[in-house]
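Here are my notes on this one, as numbered points. Have the model open while you read.

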Amino acid sequence: GYHGDIAYNCADGTQVKTLHVNPNIHKKLSADQLRIARFESDYVLVSRDAATKISQRDESVLIPIVKDDHEGLSQADKDYYAQFEIPDDLIW
């Protein structure tokens with residue numbers, strides 16, 4: 001499962017929803033490697049490739065990505081930080 005202690009906020013229409021995810025999932029969401037999609041009355045995580053296919057059929061299913069503090073980083077900085085692996089069992 002993806003459930004954990006880190007709050008990840010996403011905007012669903014006019015409402016801000018909070019999903020509690022583990023560090024590995026949070027990193028992938030922040031790096032745009034995973035996307036959040038609506039499924040029935042809940043949310044599911046989908047890969048970037050699946051999100052691309054979903055968007056070709058119905059863009060409204062995908063939850064827009066909320067950019068966080070990393071928005072100000074250059075691509076070189078993002079690539080630099082991406083090399084540091086966050087262990088799955090990291091506890092804050």
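1. Let's start at the hairpin of β3 and β4: two residues sit between the strands, and Glu 40 takes a positive phi near 55° there. Helices (H or I, at least four residues) and strands (E, at least two) are DSSP runs, numbered from the N terminus. Keep in mind that this is a predicted model, with local features needing pLDDT of at least 70, side-chain atom pairs counting only at pLDDT 80 or more, and totals for chains, interfaces and linings using all residues. Residues are numbered from 1 along each chain as its sequence is written, and side-chain values use heavy atoms, with hydrogens and water left out.

2. The pairing itself: β3 and strand β4 (residues 42-47) run antiparallel over six bridges; strands pair if DSSP finds at least two bridges between them.

3. Now look at Ala 37, which lies in strand β3. Ala 37 counts as buried because its relative accessibility is 2% (buried means under 20% relative accessible area, exposed over 50%, partly exposed in between, with a 1.4 Å probe and protein chains only). Leaving out residues up to four places away in sequence, Ala 37 touches Asp 42, Tyr 43, Val 44, Val 46, Val 61 and Leu 62, where contact means heavy atoms within 4.5 Å. Val 61 is 24 residues from Ala 37 along the chain, yet their C-alpha atoms are separated by 5.5 Å.

4. Which residues line the largest cavity? There are 10, and Tyr 8, Leu 29, Ile 36, Ile 63 and Ile 65 lie nearest its centre. β1 (3-12) and β3 (34-39) are the elements giving two or more residues to this lining, and β3 has the largest share, with three.

5. Last, Ser 55 in helix α2 (residues 48-58). At 25% relative accessibility, Ser 55 counts as partly exposed. Its side chain reaches the backbone oxygen of Thr 52 at 2.8 Å.

Terms used
1 Å grid on protein atoms, 1.4 Å probe; cavity = no way out; pocket = protein on both sides within 12 Å on 5 of 7 lines; lining within 4 Å. Polar contact = N/O pair within 3.5 Å; in protein donor to acceptor, adjacent residues only side chain to side chain.
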